[in-house]
Amino acid sequence: ALPQNDAVKVMLFILFPRESKADEEKWIFLASAPLFQPLVGDLKEPNTSIIAYTNERRFEGDVGATAEIVRYLASDQSQWATGIFGTGNILFDEIGDIYPMRVGNWFVGIYLSESYGSFSNRFEYEHESSHLGDSLQGVQAPIIYNGENINFSDSFKPWEDTRIAAQIGFWVNGLPADKNFYEALEGEFYTPGFMLGGSYTRFYATAHLEWKDEAGGILDTTLQLGVQFKFKKEETRDLRVALIYYDGNSEFGQFYLNHDEHVGIGVYFDP
């Protein structure tokens, strides 16, 4: 027979299962990583990285971050979070020992995200602008490329090594006036992980296809093939080294009418 105290506990658990620890609500402030994990194949995701072009003497440098202000873990196992993000994406030339800046894209925004099981979603309100660098001031006439957009991302991760995502966005104001809708699809695929020099390591491949109304309608394609390193398997923070292929119109707003095809080697530091 159970002792009296244990019998009471069992009865309370049967009658009031929501009081169990597994179903408790919880609030987390300033989480170390965002609830909606950044899309690895999307070049606009906030991160810290550098990409060296292999077909010309040119570099891209990104400095960005996401600050998740608060996260709510509901009793039904769903999670909700909100925060802010910002990033600067800069294109440099290489001329001898100097690296003049050609152009910079700047992003800042706020988001609301949700996850449940294999699905996660993110809604963003974002400001974006693009400006010529000092090396082209007085050489090339700048255009006005800025404004605000809203976008929604839906991610499905059926297995540990596979992730599929879709995005849709709409510019609510700004110039040029022809940049209205955009849609994107992404696939991320990983090999089984293994330990290498004390790091959890796995290879990966991504494909990110984005259709934009701007410039009369264009399809931007970004492909990556790389390797990912983590201190622990369960961590979200990682170091990635990847071979990148890009084909489409320039991702930099000042050159959005120009075709860009390049191959690069990138080093990424993900949150």
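How do the residues of the lining of the second largest pocket divide into nonpolar, polar and charged? They divide into four nonpolar, three polar and four charged, where Ala, Val, Leu, Ile, Met, Phe, Trp, Tyr, Cys and Pro count as nonpolar, Asp, Glu, Lys and Arg as charged, and the others, Gly among them, as polar.

The structure is a predicted model, in which local features need pLDDT of at least 70 and side-chain atom pairs count only at pLDDT 80 or more, while totals for chains, interfaces and linings use all residues. Residues are numbered from 1 along each chain as its sequence is written, and side-chain values use heavy atoms, with hydrogens and water left out.

## Pockets and cavities

Both kinds of space are found on a 1 Å grid over the protein atoms alone: a cavity is a set of points where a 1.4 Å probe fits but cannot get out, whereas a pocket is an open set with protein on both sides within 12 Å along at least five of seven lines, and lining residues have an atom within 4 Å of a point. Grid points are joined across faces, edges and corners, and a volume is the space filled by probe spheres set on the points. With these terms, a search of the whole structure finds three cavities of 30 Å³ or more. The table lists the volumes of two pockets and two cavities.

| Space | Volume |
|---|---|
| Largest pocket | about 840 Å³ |
| Second largest pocket | about 160 Å³ |
| Largest cavity | about 430 Å³ |
| Second largest cavity | about 90 Å³ |

The largest pocket is lined by 38 residues, and Leu35, Gln37, Lys157, Arg163 and Thr236 are those that lie nearest its centre. By class, this lining has 12 nonpolar, 11 polar and 15 charged residues. Among the strands that each supply at least two residues of the lining of the largest pocket are S5 (101–116), S6 (119–132) and S7 (145–159); helices (H or I, at least four residues) and strands (E, at least two) are DSSP runs, numbered from the N terminus. The second largest pocket has a lining that includes Tyr53, Glu56, Arg58, Phe252 and Asp260.

The largest cavity is lined by 34 residues, of which Asp42, Lys44, Tyr182, Glu210 and Lys212 lie nearest its centre, and its lining has 11 nonpolar, nine polar and 14 charged residues. For the second largest cavity, strand S3 (58–73) and S6 each supply at least two lining residues, and the lining divides into six nonpolar, one polar and four charged residues, including Phe36, Tyr111 and Arg122.

Two strands pair if DSSP finds at least two bridges between them. S5 and S6 pair in the antiparallel sense over 14 bridges, with serine 113 standing opposite arginine 122 in S6. These two strands form a hairpin with two residues between them, and glycine 117 in the turn has a positive phi of about 60°. S6 also pairs with S7 in the antiparallel sense, over 12 bridges, and in S7 the bridge partner of serine 130 is tyrosine 145.

## Aromatic rings and charges

Rings of Phe, Tyr and Trp (its six-membered ring) pair if their centres lie within 6.5 Å; planes under 30 degrees apart count as stacked, over 60 as edge-to-face and the rest as tilted. The structure holds eight aromatic pairs. One of them, formed by phenylalanine 119 and phenylalanine 156, is stacked, at 4.6 Å centre to centre and with 25° between the planes. This pair links distant parts of the chain, because phenylalanine 119 lies in strand S6 and phenylalanine 156 in strand S7, 37 residues apart. Phenylalanine 119 is partly exposed, with a relative accessible area of 43%, and phenylalanine 156 also counts as partly exposed, at 30% (buried means under 20% relative accessible area, exposed over 50%, partly exposed in between, with a 1.4 Å probe and protein chains only).

The rings of phenylalanine 170 and phenylalanine 181 have their centres 4.8 Å apart and their planes at 45°, so that pair is tilted.

A charge sits over a ring if NZ of Lys or CZ of Arg is within 6 Å of the ring centre and within 35 degrees of the ring normal. Lysine 179 lies over the face of tyrosine 145, at 5.3 Å from the ring centre, and the charged end of arginine 163 sits over the ring of phenylalanine 36, 5.2 Å from its centre.
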